[in-house]
Amino acid sequence: MSIGRRGFLRGAAVGGALSPLLGGASAGAAAGVVPPRRGGGGEAAFRWLGTSGWRIDMPGRAPVLVDPFLTRFSTGLFDPDVPFDRKTSLTVDAGVVDEYVGDVGESAVVLVTHCHWDHFSDVPHIATTTGARVVGTLTAYHLAQAMGVPAGQVSPVRGGEVLDFDGCVVEVVSSRHSRNKSHSVTFPGVHVSVPGAPSTIADLPEGDTLAFQVRPPSGPSVFFMGASDFAEREVAGLAPDVAMVALPSTSSTHEYVPRLLEALECPETVVPVHWDHFERELANPPVDGTGEGMGLEEFASLVRRVSPNSRVVVPEYLRPYTF
């Protein structure tokens with residue numbers, strides 16, 4: 001995530017009026033996109049958990065989770081009247097997390113793109129209560145242990161690994177985190193050993209960034225991003241059917257969307273993620289949190305220009321979709 005997202009309400013009217021509500025049909029109409037298909041019986045079903053989080057359910061197999069962040073709490077990031085507080089305490093709403101992913105079981109896999117709180121902070125609770133395996137960077141490996149996850153339950157990766165989880169193939173891709181207006185990264189840093197138990201959001205550094213290409217036994221190949229930057233040489237040849245693309249909050253990365261689409265060989269379906277206000281209740285329709293960053297309409301326009309045969313779909317929270 002990037003601190004450039006905060007302040008998006010500065011032009012709002014008195015009384016806390018928000019940017020237009022976007023999601024599903026309303027978001028699609030605003031951006032000129034088509035809706036995704038609803039989940040069917042024999043295919044992998046994808047549910048957006050907000051931010052860059054996903055739950056993938058596959059017939060006869062344990063689910064795969066990507067960046068599952070369901071506890072939503074205020075840091076001041078989206079509030080123009082409250083300074084962003086890097087000392088905000090980490091919070092886990094066990095009831096909410098368990099409601100949506102508490103049933104995944106010990107054969108499930110949790111893929112972590114990076115360790116910022118809006119991607120990682122619920123992961124240790126999920127791992128310790130379900131037994132699910134966590135796959136992430138060396139920093140994720142160490143932070144998970146600091147937050148109570150047994151070392152043997154965490155698989156450290158760096159990019160290039162191709163892992164088979166009961167027929168669901170996960171290719172790990174070395175990636176990059178998005179840049180703020182100062183061309184830097186919020187909460188940079190790595191952990192090369194197990195630190196003390198994190199207590200604030202600043203205690204969860206970026207810790208390097210990954211992307212994942214997931215190929216379910218029945219369904220499309222899907223590229224998942226958790227941050228809006230990448231290395232062309234790392235994604236060359238992936239050619240996914242579907243790309244879950246994080247929207248950028250600044251223009252610090254040159255020609256991010258066109259370069260990414262061309263590097264991915266113009267996926268058939270492009271799904272914008274990390275555009276929602278992730279400090280509000282997880283309820284539809286999602287609230288647009290892009291602020292000064294790239295909005296859905298601009299994103300869809302870029303996709304149409306660079307990859308006119310791609311369809312852009314804007315998901316709602318927790319709806320089962322197939323692609």
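Visitor: Which are the buried residues of α7?

Guide: The model is predicted, so local features need pLDDT of at least 70 and side-chain atom pairs count only at pLDDT 80 or more, while totals for chains, interfaces and linings use all residues. Residues are numbered from 1 along each chain as its sequence is written, and side-chain values use heavy atoms, with hydrogens and water left out. Helices (H or I, at least four residues) and strands (E, at least two) are DSSP runs numbered from the N terminus, and buried means under 20% relative accessible area, exposed over 50% and partly exposed in between, with a 1.4 Å probe and protein chains only. Six of the eight residues of α7 are buried, namely Y256, V257, P258, L260, L261 and A263.

Visitor: Against what do the buried residues of α7 pack?

Guide: Contact is taken as heavy atoms within 4.5 Å. By that criterion, the buried residues of α7 pack against β11, α6, β12 (242-246), β13 (269-273) and α8 (296-306).

Visitor: Which are the edge strands of the open sheet?

Guide: Two strands pair if DSSP finds at least two bridges between them. Seven strands follow the order β8-β9-β10-β11-β12-β13-β14 with mixed pairing, and within this sheet β9 (residues 168-174) and β10 (residues 210-215) pair in the antiparallel sense over six bridges. Two strands pair on one side only, and these are β8 (162-165) and β14 (311-312).

Visitor: How many residues apart are F46 and F323?

Guide: Rings of Phe, Tyr and Trp (its six-membered ring) pair if their centres lie within 6.5 Å, with planes under 30 degrees apart counted as stacked, over 60 as edge-to-face and the rest as tilted. The search of the whole structure finds 12 aromatic pairs, and one of them joins F46 and F323, edge-to-face at 5.6 Å centre to centre with 65° between the planes. F46 lies in strand β2 (residues 45-50) and F323 in the segment after β15 (321-322), so the pair links distant parts of the chain, 277 residues apart.
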